[in-house]
Amino acid sequence: MAAASLGFQHLNLHNASDVHDCFRTLGYDVAHPYAFEADELDALEFDEADRVNLRRVYLISRHQRHAVYLFEVNDLRAARLRGLAWHALQRGSALLIFTRDYRELLFVDPRLVGTANKSNVRVNKLKLVVGDATRHDLDTLNAIHAHKRTGAEIYQAQAEAFNLTTITRKFYDDYHRHYERARKLIRKHNPGVREFVDSDQTDKLHAFTQRLLGRLMFLYFLQRKGWLG
(Lines give C-alpha, C1' and ligand atoms only; values in the text may rest on other atoms or scores of the structure.)
Protein backbone atom coordinates (compact mmCIF):
# COMPACT_ATOMS: atom_id res chain seq x y z
CA MET A 1 0.00 0.00 0.00
CA ALA A 2 1.30 3.46 -0.89
CA ALA A 3 2.16 5.82 1.95
CA ALA A 4 -0.67 8.15 2.92
CA SER A 5 -0.37 11.81 1.96
CA LEU A 6 -2.28 14.96 2.78
CA GLY A 7 -5.26 16.28 0.85
CA PHE A 8 -6.82 19.70 1.26
CA GLN A 9 -9.27 18.28 3.80
CA HIS A 10 -6.34 17.63 6.15
CA LEU A 11 -5.39 21.34 6.19
CA ASN A 12 -8.53 22.47 8.03
CA LEU A 13 -6.50 22.81 11.23
CA HIS A 14 -8.75 24.36 13.85
CA ASN A 15 -7.11 23.03 17.02
CA ALA A 16 -4.16 21.08 18.35
CA SER A 17 -5.83 17.71 17.74
CA ASP A 18 -6.21 18.56 14.05
CA VAL A 19 -2.49 19.33 13.83
CA HIS A 20 -1.65 16.03 15.50
CA ASP A 21 -3.87 14.18 13.00
CA CYS A 22 -2.22 16.01 10.09
CA PHE A 23 1.23 14.79 11.11
CA ARG A 24 -0.05 11.29 11.80
CA THR A 25 -1.17 11.18 8.16
CA LEU A 26 2.33 12.30 7.13
CA GLY A 27 3.78 9.22 8.84
CA TYR A 28 5.05 10.78 12.06
CA ASP A 29 4.90 8.84 15.32
CA VAL A 30 2.47 11.25 16.93
CA ALA A 31 2.15 11.73 20.67
CA HIS A 32 -1.20 12.07 22.43
CA PRO A 33 -2.21 15.77 22.47
CA TYR A 34 -0.95 17.23 25.72
CA ALA A 35 -0.56 20.93 26.43
CA PHE A 36 2.39 22.21 28.44
CA GLU A 37 1.13 25.39 30.06
CA ALA A 38 1.39 27.52 33.22
CA ASP A 39 3.91 26.02 35.66
CA GLU A 40 4.95 23.30 33.22
CA LEU A 41 6.04 25.98 30.75
CA ASP A 42 8.05 27.67 33.47
CA ALA A 43 9.86 24.39 34.11
CA LEU A 44 11.03 24.27 30.45
CA GLU A 45 13.32 27.26 31.16
CA PHE A 46 12.44 29.56 28.29
CA ASP A 47 13.98 33.02 28.33
CA GLU A 48 11.66 35.53 29.96
CA ALA A 49 10.72 37.34 26.73
CA ASP A 50 9.95 34.02 25.03
CA ARG A 51 8.03 32.70 28.02
CA VAL A 52 5.77 35.77 28.07
CA ASN A 53 4.90 35.09 24.44
CA LEU A 54 3.84 31.49 25.08
CA ARG A 55 0.41 30.23 26.06
CA ARG A 56 0.80 26.50 25.34
CA VAL A 57 3.30 24.11 23.79
CA TYR A 58 2.59 20.66 22.34
CA LEU A 59 5.16 18.03 21.45
CA ILE A 60 3.60 16.64 18.28
CA SER A 61 6.23 14.03 17.52
CA ARG A 62 9.80 13.01 18.26
CA HIS A 63 11.71 10.79 15.86
CA GLN A 64 15.33 10.13 16.86
CA ARG A 65 16.71 13.68 17.41
CA HIS A 66 14.08 15.39 15.28
CA ALA A 67 10.98 16.86 16.93
CA VAL A 68 7.82 18.65 15.84
CA TYR A 69 6.47 21.30 18.23
CA LEU A 70 3.25 23.31 18.15
CA PHE A 71 3.39 26.69 19.91
CA GLU A 72 0.29 28.71 20.75
CA VAL A 73 1.66 32.26 21.04
CA ASN A 74 0.68 35.91 21.30
CA ASP A 75 3.31 37.36 18.93
CA LEU A 76 4.38 36.04 15.52
CA ARG A 77 7.12 38.58 14.81
CA ALA A 78 10.37 37.10 13.52
CA ALA A 79 12.40 38.04 16.62
CA ARG A 80 10.00 36.09 18.84
CA LEU A 81 10.05 33.12 16.50
CA ARG A 82 13.86 33.07 16.46
CA GLY A 83 13.95 32.95 20.26
CA LEU A 84 11.68 29.92 20.45
CA ALA A 85 13.46 28.31 17.51
CA TRP A 86 16.82 28.68 19.22
CA HIS A 87 15.42 27.04 22.36
CA ALA A 88 14.07 24.10 20.32
CA LEU A 89 17.34 23.61 18.42
CA GLN A 90 19.24 23.08 21.67
CA ARG A 91 17.52 19.68 21.81
CA GLY A 92 18.13 18.63 18.19
CA SER A 93 16.61 19.37 14.79
CA ALA A 94 12.98 20.46 14.68
CA LEU A 95 9.96 21.59 12.74
CA LEU A 96 8.01 24.30 14.53
CA ILE A 97 4.39 25.35 14.13
CA PHE A 98 3.19 28.68 15.49
CA THR A 99 -0.33 30.03 15.78
CA ARG A 100 -2.25 32.72 17.61
CA ASP A 101 -5.79 31.51 17.00
CA TYR A 102 -5.68 28.71 14.37
CA ARG A 103 -6.90 31.04 11.63
CA GLU A 104 -3.30 31.10 10.41
CA LEU A 105 -0.43 28.73 11.15
CA LEU A 106 3.24 29.33 10.49
CA PHE A 107 5.26 26.20 9.72
CA VAL A 108 8.90 27.01 10.41
CA ASP A 109 12.09 25.25 9.39
CA PRO A 110 14.71 26.61 11.86
CA ARG A 111 18.41 26.68 10.94
CA LEU A 112 21.48 27.80 12.83
CA VAL A 113 23.79 29.94 10.69
CA GLY A 114 27.15 30.97 12.13
CA THR A 115 27.65 30.89 15.88
CA ALA A 116 24.95 29.27 18.02
CA ASN A 117 23.00 32.25 19.31
CA LYS A 118 19.49 33.56 18.79
CA SER A 119 20.41 36.23 16.28
CA ASN A 120 21.94 33.55 14.04
CA VAL A 121 18.81 31.42 13.80
CA ARG A 122 17.17 31.57 10.37
CA VAL A 123 13.45 30.79 10.27
CA ASN A 124 12.21 29.65 6.85
CA LYS A 125 8.43 29.98 6.93
CA LEU A 126 5.30 28.65 5.28
CA LYS A 127 2.11 30.54 6.21
CA LEU A 128 -1.04 28.47 5.99
CA VAL A 129 -4.33 30.38 6.01
CA VAL A 130 -6.84 27.88 7.35
CA GLY A 131 -9.78 27.53 4.98
CA ASP A 132 -7.76 29.00 2.10
CA ALA A 133 -4.93 26.51 1.64
CA THR A 134 -3.04 26.55 -1.66
CA ARG A 135 -1.49 23.80 -3.75
CA HIS A 136 1.91 25.13 -2.65
CA ASP A 137 0.94 24.64 1.02
CA LEU A 138 -0.15 21.09 0.31
CA ASP A 139 2.92 20.19 -1.74
CA THR A 140 5.31 21.66 0.85
CA LEU A 141 3.81 19.72 3.76
CA ASN A 142 3.63 16.48 1.76
CA ALA A 143 7.32 16.94 0.92
CA ILE A 144 8.26 16.69 4.61
CA HIS A 145 6.53 13.36 5.24
CA ALA A 146 8.16 10.91 7.64
CA HIS A 147 7.35 7.65 5.84
CA LYS A 148 10.48 5.41 5.96
CA ARG A 149 12.71 8.41 6.77
CA THR A 150 15.22 8.93 9.55
CA GLY A 151 15.11 12.10 11.63
CA ALA A 152 18.07 13.46 9.66
CA GLU A 153 16.31 12.74 6.37
CA ILE A 154 13.18 14.55 7.55
CA TYR A 155 15.24 17.62 8.47
CA GLN A 156 16.98 17.54 5.09
CA ALA A 157 13.59 17.30 3.36
CA GLN A 158 12.53 20.41 5.31
CA ALA A 159 15.58 22.28 4.08
CA GLU A 160 14.65 21.55 0.48
CA ALA A 161 10.90 22.14 0.86
CA PHE A 162 11.27 25.51 2.61
CA ASN A 163 14.23 26.79 0.56
CA LEU A 164 13.31 29.98 -1.32
CA THR A 165 15.58 29.18 -4.26
CA THR A 166 13.97 25.75 -4.67
CA ILE A 167 10.48 27.24 -4.41
CA THR A 168 11.29 29.93 -7.00
CA ARG A 169 12.82 27.41 -9.40
CA LYS A 170 9.77 25.16 -9.08
CA PHE A 171 7.45 28.11 -9.82
CA TYR A 172 9.34 29.00 -13.01
CA ASP A 173 9.60 25.36 -14.08
CA ASP A 174 5.83 25.00 -13.67
CA TYR A 175 5.22 28.30 -15.47
CA HIS A 176 7.44 27.26 -18.38
CA ARG A 177 5.62 23.95 -18.72
CA HIS A 178 2.21 25.69 -18.80
CA TYR A 179 3.56 28.34 -21.19
CA GLU A 180 4.81 25.78 -23.71
CA ARG A 181 1.56 23.83 -23.60
CA ALA A 182 -0.54 27.00 -24.01
CA ARG A 183 1.61 28.23 -26.92
CA LYS A 184 1.22 24.94 -28.79
CA LEU A 185 -2.54 24.87 -28.26
CA ILE A 186 -2.96 28.50 -29.34
CA ARG A 187 -1.09 27.78 -32.58
CA LYS A 188 -2.99 24.52 -33.17
CA HIS A 189 -6.48 25.97 -32.68
CA ASN A 190 -5.93 29.25 -34.55
CA PRO A 191 -4.69 28.18 -38.01
CA GLY A 192 -6.18 31.27 -39.64
CA VAL A 193 -4.23 33.76 -37.52
CA ARG A 194 -1.01 34.43 -39.42
CA GLU A 195 0.79 35.91 -36.40
CA PHE A 196 0.31 32.61 -34.55
CA VAL A 197 1.25 30.26 -37.40
CA ASP A 198 4.06 31.86 -39.42
CA SER A 199 7.55 31.00 -38.19
CA ASP A 200 8.68 34.63 -38.61
CA GLN A 201 5.96 35.84 -36.21
CA THR A 202 6.99 33.84 -33.14
CA ASP A 203 7.58 37.00 -31.08
CA LYS A 204 3.88 37.89 -31.40
CA LEU A 205 2.78 34.40 -30.37
CA HIS A 206 5.17 34.60 -27.43
CA ALA A 207 3.80 37.98 -26.31
CA PHE A 208 0.18 36.84 -26.63
CA THR A 209 0.82 33.67 -24.62
CA GLN A 210 2.55 35.60 -21.85
CA ARG A 211 -0.29 38.13 -21.63
CA LEU A 212 -2.86 35.34 -21.52
CA LEU A 213 -1.09 33.50 -18.69
CA GLY A 214 -0.56 36.76 -16.81
CA ARG A 215 -4.28 37.57 -16.96
CA LEU A 216 -5.23 34.05 -15.90
CA MET A 217 -2.93 34.30 -12.87
CA PHE A 218 -4.46 37.68 -11.99
CA LEU A 219 -7.99 36.23 -12.21
CA TYR A 220 -6.89 33.31 -10.03
CA PHE A 221 -5.55 35.78 -7.46
CA LEU A 222 -8.87 37.67 -7.46
CA GLN A 223 -10.78 34.43 -7.07
CA ARG A 224 -8.59 33.35 -4.12
CA LYS A 225 -9.27 36.67 -2.43
CA GLY A 226 -13.01 36.31 -3.00
CA TRP A 227 -13.13 39.44 -5.14
CA LEU A 228 -14.84 37.75 -8.08
CA GLY A 229 -18.56 37.10 -8.03
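Q: What does "buried" mean here?
A: Buried means under 20% relative accessible area, while exposed means over 50% and partly exposed is in between. Keep in mind that this is a predicted model.

Q: Why is tyrosine 102 called buried?
A: Tyrosine 102 has a relative accessible area of 10%. The cut-off for buried is under 20%, so tyrosine 102 counts as buried. You'll find tyrosine 102 in the loop between strand 4 and strand 5 (104-112). Its phi is near 70°, a positive value in a residue other than glycine.

Q: Is glutamate 45 buried or exposed, and how do you know?
A: Glutamate 45 has a relative accessible area of 65%. Exposed begins over 50%, so glutamate 45 is exposed. Glutamate 45 sits in the loop between helix 2 (39-43) and helix 3 (48-53), and has a positive phi too, about 60°, although it is not a glycine.

Q: What makes leucine 219 partly exposed?
A: Its relative accessibility is 43%. Leucine 219 belongs to helix 9 (residues 202-225), and together with Phe208, Leu212 and Leu216 makes a nonpolar surface patch of about 320 Å².

Q: How many aromatic pairs does the structure hold?
A: Six. One of them joins tyrosine 69 and phenylalanine 71, with ring centres 6.1 Å apart and planes at 40°. Planes under 30 degrees apart would count as stacked and over 60 as edge-to-face, so this pair is tilted.

Q: Why is the pair of phenylalanine 71 and phenylalanine 98 called stacked?
A: The ring centres are 5.0 Å apart, and the planes are at 15°. Stacked needs planes under 30 degrees apart, so the label holds. Phenylalanine 71 lies in strand 3 (residues 66-73) and phenylalanine 98 in strand 4 (residues 93-99), so the pair ties together parts that are 27 residues apart in sequence. Phenylalanine 71 is buried at 2% relative accessible area, and phenylalanine 98 is buried at 0%.

Q: Which residues are buried in helix 6, and how do you know that they line one face?
A: In helix 6 (residues 151-161), the buried ones are Gly151, Ile154, Tyr155, Ala157, Gln158 and Ala161. Seen down the helix axis, they fall within an arc of 155°, so they line one face.

Q: What sits over the ring of tyrosine 155?
A: The charged end of arginine 111, 3.5 Å from the ring centre. The distance limit for that label is within 6 Å.

Definitions and conventions. Residues numbered from 1 in each chain as written. Predicted model: local features only at pLDDT ≥ 70, side-chain atom pairs only at ≥ 80, totals over all residues. Heavy atoms only, no water. Patch = residues over 30% accessible without salt bridge, like charges linked within 9 Å, V, L, I, M, F, W, Y side chains within 5 Å. Areas by Shrake-Rupley, 256 points an atom, 1.4 Å probe, with all protein chains shown as cover. Salt bridge = Lys/Arg side-chain N within 4 Å of Asp/Glu carboxyl O. Helix = DSSP H or I, 4+ residues; strand = E, 2+ residues; numbered from the N terminus. Buried < 20%, exposed > 50% of the residue type's maximum accessible area, 1.4 Å probe, protein only. Phe/Tyr/Trp six-rings, centres within 6.5 Å; stacked < 30°, edge-to-face > 60°. Lys NZ or Arg CZ within 6 Å of the ring centre and 35° of its normal. Arc of directions from axis to C-beta.
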